[in-house]
Amino acid sequence: MASALSPPRGPKGKGALPSHYYESFLEKKGPHDQDYKKFWAGLQGCTLYFYNSNRDSQHVEKLGLGAFVRLSDEAPGGSPRDPGIYFSLVLWNQEIKFKVESLESREMWKGFILTVVELRVPSNLTLLPGHLYMMAEALAKEEARRALEVPPCFLRVSRLEAQLLLERYPECGNLLLRPSGDGADDVSVTTRQTLHGTPVFRHYKVKRDGSKYVIDVEDPLSCASLDAVVNYFVSNTNRRLVPFRLDEDYEKVLGHVEADKENGESVWVASSAPVAPGPGPAPASGGCKQLPPVPITPPPSQDKPPLLLNQNENYVIPIADAPAADYENEDVPSPSWQVVPKPRKLAKSLKPPIAPKPEPKGVNSGLAKKLAVGSVQALFPTTGFGSVHALGPAYQNTPVPFLIWKTIRLSKPS
């Protein structure tokens, strides 16, 4: 089956090249490297960035200058096959060696590094007036940048926490800025140095005066930014104080280096955010999107008995609407009339059979016998059998109807 046609692929957009105070080719050798490696290097702020090519927009390595100690020239290699010029950058915790192609390139690198670190244009280097003008421009840009940002050694910690950080991580520096304890915009400087094997902590107050910071020492000094405050402590202690900086340089965007198929250049490609896969199958690339499956509800089984309501629970059973009344004469009562339904007649219940009442006893029994004799005599006054005693003692307790019948029978002639 033929695959769906994909849309034509346009050319990749190249990222903008970063701007640097100074940039050129530079060979670098770290403390763990066996040999020098050539990079395209650029200086921006207080950081050196290293690229594989001068057309790359994403660096592959970077080196911070916050722990700067000094710059020194190195002796040449001594081999006629190696005409390179060497110099070394000494940091507080490591030493990096560099190799350039000419003396001019070495003086330029040293001049720009000293400009951004010391915030002044160096005067002890062999530089042309044009080079000094370029460094003065870089100095103005760096001062404007530092005035808008907080130095990395500024941490929002208390005095005790600052002392613990400096004691626990001595390899990260021994000078730290923190907010002042009085709650104002003032800043405090905490330092840690070792005297006769014993750590000594010192705390200095820096007062905020408008847009400037005043260091509260014997001879107060006004600084334009917090970074200038840090630079004052570093430069006036023969660089024995090093700004504290934890090694937490993490990138925020995931990416990778990819070679361009057109010209073979290395391009940094930022990876797009992954999309969480859904429960259904993924749609084919370039084709139509697949609709989500429609859930099919199976019909109820005929074998299962109907559910019975629990008599112990309260259920509300909906009552269906009554069917509309169908009248022949169209005389339908208005809903506003109150119709009183007629009561339904109840079915007559069958009466139980009535048993014959027993004849009363006692005093009333004699009266009943007299009434019976009187009624017999009234019916048959001419007969001689009006007396009950004429029938014999066996008929004394006999009911009256039977006695009448017996009397009539005896009165008939044989």
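Predicted model: local features only at pLDDT ≥ 70, side-chain atom pairs only at ≥ 80, totals over all residues.
Figure 1. The accessible surface of the chain comes to about 31,000 Å². Carbon and sulfur atoms account for 56% of that surface. The chain has six helices and 14 strands. Take the contacts between residues at least 6 apart in sequence: 41% of them join residues at least 24 apart.

Figure 2. The strands run in the order 8-9-10-11-12, and their pairing is antiparallel. Strand 8 (175–179) and strand 12 (221–223) are the edge strands. Each of these two pairs on one side only. Neighbouring strands of the sheet are turned against each other by 30 degrees on average, direction ignored.

**Figure 3. Close-up of the pairing between strand 8 and strand 9.** Strands of a sheet pair through backbone hydrogen bonds, either parallel or antiparallel. Here, strand 8 and strand 9 (residues 187–195) pair in the antiparallel sense. Five bridges join the two strands. Look for leucine 177: its bridge partner in strand 9 is valine 189.

**Figure 4. Helix 3 packs on the sheet.** Helix 3 covers residues 159–168. This helix touches strand 8, strand 9 and strand 10 (198–209). The direction of helix 3 makes about 160 degrees with that of strand 8.

Figure 5. Helix 4 covers residues 226–235. The strands it lies across are strand 8, strand 9, strand 10, strand 11 (212–215) and strand 12. Helix 4 runs at about 25 degrees to strand 11.

**Figure 6. The length of helix 2.** Helix 2 (residues 129–147) has 19 residues. From its first C-alpha to its last, helix 2 reaches 27 Å. That is close to the 27 Å expected at 1.5 Å a residue.

Figure 7. Which residues of helix 2 are buried? They are His131, Met135, Ala138, Leu139, Glu142 and Arg146. Seen down the axis of helix 2, the buried residues fall within an arc of 110 degrees, so they line one face of the helix. An α-helix has 3.6 residues a turn, so residues three or four places apart point the same way. The face turned away from the buried side carries the exposed residues Pro129, Tyr133 and Lys141. What covers the buried residues of helix 2? The cover includes helix 1 (103–118) and helix 4.

Key:
Residues numbered from 1 in each chain as written. Heavy atoms only, no water. Helix = DSSP H or I, 4+ residues; strand = E, 2+ residues; numbered from the N terminus. Contact = heavy atoms within 4.5 Å. Areas by Shrake-Rupley, 256 points an atom, 1.4 Å probe, with all protein chains shown as cover. Pairing = 2+ DSSP bridges. Axes fitted to C-alpha atoms, helices over the stretch in contact; angles between N-to-C directions. Expected span 1.5 Å × (residues − 1). Buried < 20%, exposed > 50% of the residue type's maximum accessible area, 1.4 Å probe, protein only. Arc of directions from axis to C-beta.
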